[in-house]
Amino acid sequence: GILADATETAGQHKDAYQVILDGVKGGAKEKRLAAQFIPKFFKHFPELADSAINAQLDLCEDEDVSIRRQAIKELPQFATGDNLPRVADILTQLLQSDDSAEFNLVNNALLSIFKMDAKGTLGGLFSQILQGEDIVRERAIKFLSTKLKTLPEEVMTKEVEEFILTESKKVLEDVTGEEFVLFMKILSGLKSLQTVSGRQQLVELVAEQADLEQTFNPSDTDCVDRLLQCTRQAVPLFSKNVHSTKFVTYFCEHVLPNLSSLTTLVEGLDIQLEVLKLLAEMSSFCGDMEKLESNLKKLFDKLLEYMPLPPEEAENGENAGNEEPKLQFSYVECLLYSFHQLGRKLPDFLTAKLNAEKLKDFKIRLQYFARGLQVYIRQLRLALQGKTGEALKTEENKIKVVALKITNNINVLIKDLFHIPPSYKSTVTLSWKPVQKADTSQKRATEDTTSSSPPKKASAGPKRDARQIYNPPSGKYSSNLGSFSYEQRGGFRGGRGRGWGGRGNRSRGRIY
């Protein structure tokens, strides 16, 4: 009553305020009053600031949940001047609460002091991310990844965003895979990093995390997972102005030659196809490459592995072998697309850089593959004919729709390469990427109009091939073909080397 009545002269009644501070040692009633009045008159007693904050913290840890909630709710009132970073630090530690109402109060309190002083609040958050307990670190990062985007522009100034980038770089020196993904989400959402130079900065950060200078070890799951996780984060950043050259070069030089040896702990993941999809997506944005011919040769050699020669015929005109080679359409789409993209930069690769025998061999493989495609495309179209709406949503038909996209894409690219000289002008949309019209009735138009090349019949080949009865191969497809996603893969599991796992013992207890 004395303090309330004194209003502006409240500061003269230090003894009365001390009584309120001592109330935290009393019963439930005294504690509730203390939780309310300590912050209310806090500004009048700067000399008791430490005692007041400590008293309020005791209430934040009280056994009575209602007292805790009241104390937490009032914490922003202590966030004045030099006290604000400390209050932010305290609130960040309180994020470890498992009581949902309490947790929401902490979130709201942090947001309210963010609007008072964003840099001061971030200082408290990053202090705990760098030095706090694991649970606090984890929740502080999640707070940043979900709440920053909700703050208005007047709070998220350029200076504040620069502070976030600087502090994030410190954290990225030692992160797990999951934390890295969250920080990329935080940084890529910053307005100041939406520019070309901003995107370039982010790509450089990812390249550093990916450690593209290291020797690639295909049998080390940590090494493989780190590269894939980082590349997934980089892919959305690439554009005609932000080039993927460094990543494409690394994939061509180190990953492609080891494709069959790749290992992963992620169950059900076709790791080879995943790598080839990432390479295909990046190849569109590759800039000038130092060892272009050498890397194009590696890509070409890998493509040949998936482009079989026709089976040899016996003298009676039947196949000497027991079965047709399997055509792995999904792999070929990726490799052919990547070769087509990089081939544009060295258009005479097939004619000037390969000897005549190799070129002839390649064309035979292409022709054999193209004939198989035609049969398969006809079968797929027939199977999907007249199906619309719900009928196309069955798992079986979804796979067929994607298969049709894949085979049409390959068909267009093969036609380009059959030109004399080979052409690199056609454009296709990769089968797992969204297109404007997904209606299967558009597929024929796509095939016929996206290439300026003549129909496949124009390419000459040995007459025996034309007579050969073709049995459609069992193409390599999987039921998850259409749902390839960078976001859905989880973070890394288990201990990770070089900062992508356990970060040492951070458990320091509360450091209020």
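This is a predicted model: local features need pLDDT of at least 70, side-chain atom pairs count only at pLDDT 80 or more; totals for chains, interfaces and linings use all residues.
**Entry: Leu350**

I began with Leu350, which touches Phe300, Phe339, Leu359, Phe362, Leu417, Pro422 and Tyr424, leaving aside residues up to four places away in sequence. For me, a contact means heavy atoms within 4.5 Å.

Residues are numbered from 1 along each chain as its sequence is written, and side-chain values use heavy atoms, with hydrogens and water left out.

Next I looked up the largest nonpolar core, and it has 152 residues. Leu350 is listed among those with the most contacts inside this core, along with Tyr17, Ile38, Ile164 and Phe247. A nonpolar core here is a set of buried Ala, Val, Leu, Ile, Met, Phe, Trp, Tyr and Cys residues joined through side-chain atoms within 4.5 Å. Buried means under 20% relative accessible area, exposed means over 50%, and partly exposed is in between (1.4 Å probe, protein chains only).

**Entry: helix H16**

Helices are DSSP runs (H or I, at least four residues), numbered from the N terminus. H16 covers residues 292–305, and at 1.5 Å a residue its 14 residues should span 20 Å; the end C-alpha atoms are 20 Å apart, so that agrees. The expected span is 1.5 Å times one less than the number of residues.

Which residues of H16 are buried? I found Leu292, Asn295, Leu296, Leu299, Phe300, Lys302, Leu303 and Leu304. They pack against helices H14 (245–255), H15 (271–283), H17 (329–343), H18 (349–353) and H19 (356–384).

Asp301 is partly exposed at 28% relative accessible area, and Lys297 is partly exposed at 30%.

**Entry: more salt bridges**

My rule is a side-chain nitrogen of Lys or Arg within 4 Å of a carboxyl oxygen of Asp or Glu. That gives 19 salt bridges.

Arg32 and Asp64 make one of them, at 3.3 Å from N to O. Arg32 is in helix H3 (28–40) and Asp64 in the loop between H4 (49–60) and H5 (65–74), so the pair ties together parts that are 32 residues apart in sequence.

Arg69 also forms a salt bridge with Asp99, at 3.0 Å between the closest N and O atoms. Arg69 lies in H5 and Asp99 in the loop between H6 (83–93) and H7 (100–116), so this pair ties together parts 30 residues apart in sequence.

Conventions
Helices (H or I, at least four residues) and strands (E, at least two) are DSSP runs, numbered from the N terminus.
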